[in-house]
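This briefing is meant to be read beside the sequence and the coordinates.

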Amino acid sequence: MYAGRMSGTGDGVRLAEMVAALSLATDLGLGQPQEHIIRQTLIALRMADLEGLSEDERAAIFYVSLLAWVGCVADAHEMGKWFGDDLAVHADSYLVDMTGLPMMRFMLGHLGSGGSPIGRLTAIGRFLAGGSREVQASMASHCETSGDLSLRLGLGRDVRDPLQQAFERWDGKGCPAKLAGYEIALIMRVLRIAHEAEALHRIGGVDAAVEMLRSRRGTEFDPDLVDRFCANADELLASIEELDGWDTLIGEKGALGRELSDEELDQALEAFADYADVKSPFFLGRSCGVADLAAAAAAIVGLPNDDIVLVRRAALVHDVGSIGVPAGILDKAGPLTETERERVRTHPYLTARTFSKPPALAAIGQLAAKHHERMDGSGYPSGLTADSLPMTARLIAAADVYHALLEPRPHRAALARDEARQVLATEVTDGRLDGDAVRAVLDAAGHRVRRKTSHPGGLTAREIEVLVLLSRGMTQKQIARELTISAKTVSNHVEHIYAKLGVRSRGAAALFAMRHGLIDVAAVD
């Protein structure tokens, strides 16, 4: 089941935590409360116990459940084109048996949401003429996306194959392969019940979940599984809303306790980046592009290697929160309303929330959430100012702006490189972006820039490394071991740092480091 190398310790990040964190982003794309997918997984695992499934089958259910709906971003553009708010469509779909006339009524009721009456009538006509086939085809892309992501995360065919059946139905009226009955993998038959039951239970309790399952018995769902679920519904759904879903699910050991190596963690974050970018055709490739640019700029300004790695990882996932913004807003060609702008401004916060649960990923999420903050406090979501923005955050912000300017958007064409450079220069002049960060980004992007003769305070690159570690509370002996230099050399560096900065204590030196964006406070142990 576990393809690839899973023996490395990396940063102590387990594969289970990575996939569960991704499920928190999927909740956003489905328009559901946080941990909806995790609660669904807990219900599916309880069903697995009831069915007497093996440990290998339970492990497969764990990953299939967490990944089954990640493909919701793959069809977001098509859903947004037809329905405006793809999140609302996903959220409302739990209440409907999505086949035949009920599904058609549901689709027609959501077409052109938010548009004028004439616009809605036009959308209905176009949808009846061929749009319904396009929406159904987008479901196939959903399955393909989920399967591709599972393989990139190092999971095998026993996870990938069931993911292709996410929209199949017991009666054969699903898609894309129109499988029926026992042609559908047991894992997916279990999961489909758990998925719908979680939502209905949250809305109306055990009775609502049971009523829904019985109404779709033998059509959408496996009738025998429905009967056993309903006979044990109180036990299967007991306390599911009160549990700490993350701790309950991720607390399991054994196969779920495998850790990722540094290389595998980077590969997983790159997969997350591509996943987020699929939300809109205007974003394809941007997250990896921003990450590479920001990391190169971090090296140019002389940040320590650990911070360069952190910059790249945070930049890879900086836009994951966009999954929680309706596609109709992201792809809108005209001006956004104030309400729409506020929805967009939530995405950095949503990124931080996605990575808030796994402790080993929290620093990545916290840094990623700062990419729209600005030096003068005019950014969002927290309105931070320069004193709260380390150089790592300033570099990602500059790289994000530059890369975005070179990309087309629904409301404008891509800018030429020199035009983008001028915009960044204006941002520096107006006090929104950091000048050193912008120079480094432009240098990394291949522009000819006037290089500064020294780092802040006249420090050398090595002195900055020592200053960062000293600020984080390391002793001189620990710094020596970390940088593989002698303790005497460290002592000399510290003496020079204090002299250049005109300070006499570690605390004063640390304040200088933070004021000049040299240290990421989120990375302090």
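What follows is a set of grouped notes on local features of this structure.

The structure is a predicted model, and the values below are computed from it. The largest nonpolar core has 121 residues, and a second, separate core of 20 residues includes L459, I479, Y498 and A513.

**Nonpolar cores**

- Within the largest nonpolar core, which has 121 residues, those with the most contacts inside it are M18, L67, L213, F229, V317 and L395.
- Helix α9, which spans residues 186–215, gives the most to this core, contributing 13 residues.
- L213, one of the residues with the most contacts inside the largest core, is in contact with I193, A197, F221, V226, F229 and C230 once its neighbours within four places in sequence are left aside.
- A second core of 20 residues is separate, and among its members are L459, I479, Y498 and A513.

- G29 lies in helix α1, which covers residues 15–29, and G29 counts as buried because its relative accessible area is 2%, where the cut-off for burial is under 20%.
- When residues up to four places away in sequence are not counted, G29 touches C72, L87, H90 and I323.
- V490 is found in helix α25, residues 487–501, and V490 counts as buried because its relative accessibility is 0%.
- Leaving out residues up to four places away in sequence, V490 touches V466, Q476, I479, A480 and I485, and of these I479 is included in the second core.
- V490 and T475 are 15 residues apart along the chain, and their C-alpha atoms are separated by 9.8 Å.

**The pair α21 and α22**

- Helix α21 (residues 417–429) and helix α22 (residues 435–444) pack at an angle of about 165°, and their axes are 9 Å apart.
- Because angles over 145 degrees count as roughly antiparallel, α21 and α22 are roughly antiparallel to each other.
- The crossing in which α21 passes α22 is left-handed.
- On the side of α21 the contact involves R421, L424 and V428, which meet G435, V438 and L442 in α22.
- The residues of this contact between α21 and α22 divide into four nonpolar, one polar and one charged.

**Backbone features in loops**

- The peptide bond from C175 to P176 is cis, with omega near 10°, and P176 lies in the loop between α8 (157–163) and α9.
- K178 is found in the loop between α8 and α9, and K178 has a positive phi of about 55° although it is not a glycine.
- K178 is classed as partly exposed because its relative accessible area is 48%, a value that falls between the limits of 20% and 50%.
- The peptide bond from Y380 to P381 is also cis, with omega near 10°, and P381 is found in the loop between α19 (359–368) and α20 (391–405).
- S239 has a positive phi of about 55° although it is not a glycine, and its place is in the loop between α11 (233–236) and α12 (245–250).
- S239 counts as partly exposed, since its relative accessibility is 43%.

How values were computed. Residues numbered from 1 in each chain as written. Predicted model: local features only at pLDDT ≥ 70, side-chain atom pairs only at ≥ 80, totals over all residues. Heavy atoms only, no water. Axes fitted to C-alpha atoms, helices over the stretch in contact; angles between N-to-C directions. Helix = DSSP H or I, 4+ residues; strand = E, 2+ residues; numbered from the N terminus. Parallel < 35°, antiparallel > 145°, perpendicular 65-115°, else oblique. Left-handed = near helix turned anticlockwise from the far one by under 90°. Contact = heavy atoms within 4.5 Å. Nonpolar A, V, L, I, M, F, W, Y, C, P; charged D, E, K, R; others polar. Buried < 20%, exposed > 50% of the residue type's maximum accessible area, 1.4 Å probe, protein only. Core = buried A, V, L, I, M, F, W, Y, C linked by side-chain atoms within 4.5 Å.
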